[in-house]
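Dear colleague,

Please find below the structure that I am handing over to you, with its sequence. My notes on what was found in it follow directly after.

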Amino acid sequence: MNVLIVEDEKNLAGEISSFLSRENFLVEVTHTGREASEKIAVNLYDFVLLDLGLPDYNGLDLIKEAKKLNSGASFIIITARGAVEDKVKGLDLGADDYLAKPFALVELLSRINAVARRKFKVPDDDLELGEFIIKISSRRLLCKGNEVDLTKKEFDLLLYLVLNHGKVLTRQQLYEHIWGNILDDQYDSNFIDVHIKNLRKKLNAHAPSPWLETVRGVGYRVTTGADN
Amino acid sequence: MRLKVKLALFNLLSKLAVAALLLLFMPFITERLNLRQIDNELIEKREEIISMISRIGIEPFLEPETENSFGSYNILKEEFISLESASPDVDINQISVVSRLIDDEIIDYRVLSYSLTIDDKNYILEVGKSLARVHQTRRNIINVVILFLLFIIIITFFTDFQYTRLTLKPLDRIIRKLDNISSPDTFDRSRINTSTFDFRELDAALTGLMGRIKNLFEKEREITYNISHELMTPLSVLRSRLENMLLTGKNDPETETGIAESLKTLQRLQSLVNSLLLIARIESSQYLKEDSFKINQVLDEIVEETGPVAEDKKIEIEKKYFFDKIVNKVNRSLIFAMLYNVINNSVKNTGAGGKIKIETDVDNQKRLLVTITDNGKGMTGDQIRNLFMRFRNRTLNSGDGTGIGMAITKTIADFHDIQIRVESEPGRGTKFIFIFP
């Protein structure tokens, strides 16, 4: 998939770019709105990551231009936090999602994937993990045909880890994804640990879950057969 | 003591002093006035008698028995006239007070003694007037004056009191204006209606001062907001870079732990900046207050959120809803955050096997009360005082906290005019009471 990163902060653009490249995206970077406008007019992108705080251009105009050109690109807006009006305006203009700085790269990836799944109408496949099956569409977890009873938070946590399998997710990244509300800064690492503990207890009651790993000092990771 | 009471008391005392002085000198003054009046009368009488003598001669005045003296008392012994012959060398003309024994009764008289010579014979004429009635009159006058003064003092005390009360009313209003504000933003800038120049000046000075303070506050908020905002981009760069390094998976375990630790530090910085930004945004009213919802529902959600951690610590959370209310015109996310912070802190500060009680109730003014009680560590008076101060509150922190969570709670409460009362005792636990308007 083609991604255009429009971000005037070169270092940040570079980091996002190298991350998405590793995730097999075709990435182009531009630091000015003018150049972005030209690129959107000429090239076809699946995604535009747009920082609204461009010095030379009103980021929202880029969305308008793209819609006029019928470019088909999905916009994910990036702004410094607090600019609620920008978020609302951006979403009104047809942006697909919104991320406040500073965000987790895995969160960006999961938003892109979510938009992509909606856009290309990818059916939510069942995911297999050892003896467990996650039914994403109906939000259920089965083990050998038996239902594993998870709370909403536990299910979200598991799904996020599974969708990012192979990557170590820090407690902060997990917390921000699951509890993403006004208070995500009053975050408490203990929350994640307690939920993982409960989750493991429920899983192990049905079958062993060695694929859910604790990475000491860093966070948690789900490893599937595909990661080895 | 209230100013109006002080003024009224001073007025009363000064009037009493004047009255006392008056009463002190009254007998003396009335005495003098009376004597002068009597003296004039006596002199008039003397002239009358002298003119009578010159008209009809002295004989009719001299009593036959004594031949050379004359005395006449009127029936009530109030006045008398006497005429006596005297030795030729007597020459007097004086007025004095003399006590006379008449019919076994001593009566004070004011007596005018006057020597006159008729047909080469010397006489002394005495005209007297009893002072008994004068003393009586004086007492009566003093009594009337005392009553009158008392009456005047009482009447003027009340009118003075009312007048000072009315005059000082603008001052009360100014004080109330100052009492009612939680921040300079809420200061009522409308002018106090008064004809007293001083109060107008005071009111104007205060309004001006509040305006300046408000500007300073706004400037401070703006700076906080801008700094926080500007910090987001470098934070974002650092975070992305560290996450990228972690995600490549090419690090030795030591480096990996190092990166993770750096990310944790960065997370604290991010928390701090975001919290400051949140406070700045609430204080500059960037949040809408348009939600209405049932308070108990929000509490249920918070209990659900904090439940797993509480359960893990074997803390019992008890809900007691005596009252439910749909709160209007509030920001749901902020109210959630406000209550969540306190309940979450209780969970953090209560030991294993502890108990947290969440109650909703209504007070006698029909205000909604949300009470959160724990039997955890509790706080000292100093700790309670610093509880809502940014960065001062180091008591409730356990590792991840930024020391700003309770400041956020207070800011949200102020934004919604919610009062917070904190009762706590070290070792016994803490009680938070939220009083909704």
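**Antiparallel sheet of chain A**

Strand β7 (residues 132-135) of chain A is joined to β6(A) by four bridges, and the two run antiparallel. Within this pair, A:Lys135 of β7(A) stands opposite A:Asp126. Both strands belong to an open sheet of four strands, ordered β6-β7-β8-β9 in chain A, with antiparallel pairing. Its edges are formed by β6 (126-129) and β9 (146-148) of chain A, each of which pairs on one side only. From one strand to the next, the twist averages 30°. Please bear in mind throughout that the model is a predicted one.

**Parallel sheet of chain A**

Chain A also holds an open sheet of five strands, with the order β2-β1-β3-β4-β5 and parallel pairing. Its edge positions are taken by β2 (26-30) and β5 (97-101) of chain A; each has a single partner strand, so one side of each is left without a neighbour in the sheet. Direction ignored, neighbouring strands of this sheet are turned by 20° against each other on average.

Inside the sheet, strand β1 (residues 2-6) of chain A runs parallel to strand β3 (residues 47-51) of chain A, and four bridges join them. A:Leu49 in β3(A) is the bridge partner of A:Ile5. Helix α1(A) packs on the sheet, where it touches β1, β2 and β3 of chain A. The direction of α1(A) makes about 170° with that of β2(A).

**Helix α2 of chain A**

Which residues of helix α2 (residues 33-42) of chain A are buried? They are A:Gly33, A:Ala36 and A:Ile40. Seen down the axis of α2(A), the buried residues fall within an arc of 55°, and therefore they line one face of the helix. These buried residues pack against β1, β2, β3 and α3 (59-68) of chain A. On the other side of α2(A), the exposed residues are A:Arg34, A:Glu38, A:Ala41 and A:Val42.

**Chain A as a whole**

Chain A contains eight helices and twelve strands. Of its 228 residues, 39% count as buried. Among contacts in chain A between residues at least 6 apart in sequence, 57% join residues at least 24 apart.

**Contact between chains A and B**

Chain A gives 33 residues to the contact, and chain B gives 34 residues. On the side of chain A that touches chain B, the elements that give two or more residues are α1 (10-22) and α8 (189-206) of chain A. By class, this side of chain A has 14 nonpolar, twelve polar and seven charged residues.

**Strand β5 of chain B**

In chain B, strand β5 (residues 121-130) is mostly covered, with seven of its ten residues buried. One of its partners is strand β2 (residues 79-86) of chain B, which pairs with β5(B) in the antiparallel sense over eight bridges. Here, B:Lys129 in β5(B) is the bridge partner of B:Glu79. Strand β4 (residues 105-118) of chain B also runs antiparallel to β5(B), and ten bridges join the two. In that pairing, B:Val127 in β5(B) is the bridge partner of B:Leu112. The hairpin of β4(B) and β5(B) has two residues between the strands, and in this hairpin B:Asp119 takes a positive phi near 50°.

B:Asn251 is placed in the loop between α3 (197-247) and α4 of chain B. Is B:Asn251 buried, exposed or partly exposed? B:Asn251 counts as partly exposed, because it has 13 C-beta neighbours inside 10 Å. Leaving aside residues up to four places away in sequence, B:Asn251 touches B:Met245, B:Glu256 and B:Ile259.

With kind regards

Definitions and conventions:
Residues numbered from 1 in each chain as written. Chains lettered and ligands numbered in written order. Predicted model: local features only at pLDDT ≥ 70, side-chain atom pairs only at ≥ 80, totals over all residues. Contact = placed C-beta atoms within 7 Å. Nonpolar A, V, L, I, M, F, W, Y, C, P; charged D, E, K, R; others polar. Pairing = 2+ DSSP bridges. Axes fitted to C-alpha atoms, helices over the stretch in contact; angles between N-to-C directions. Buried ≥ 20, exposed ≤ 12 C-beta atoms within 10 Å, placed from the backbone. Arc of directions from axis to C-beta.
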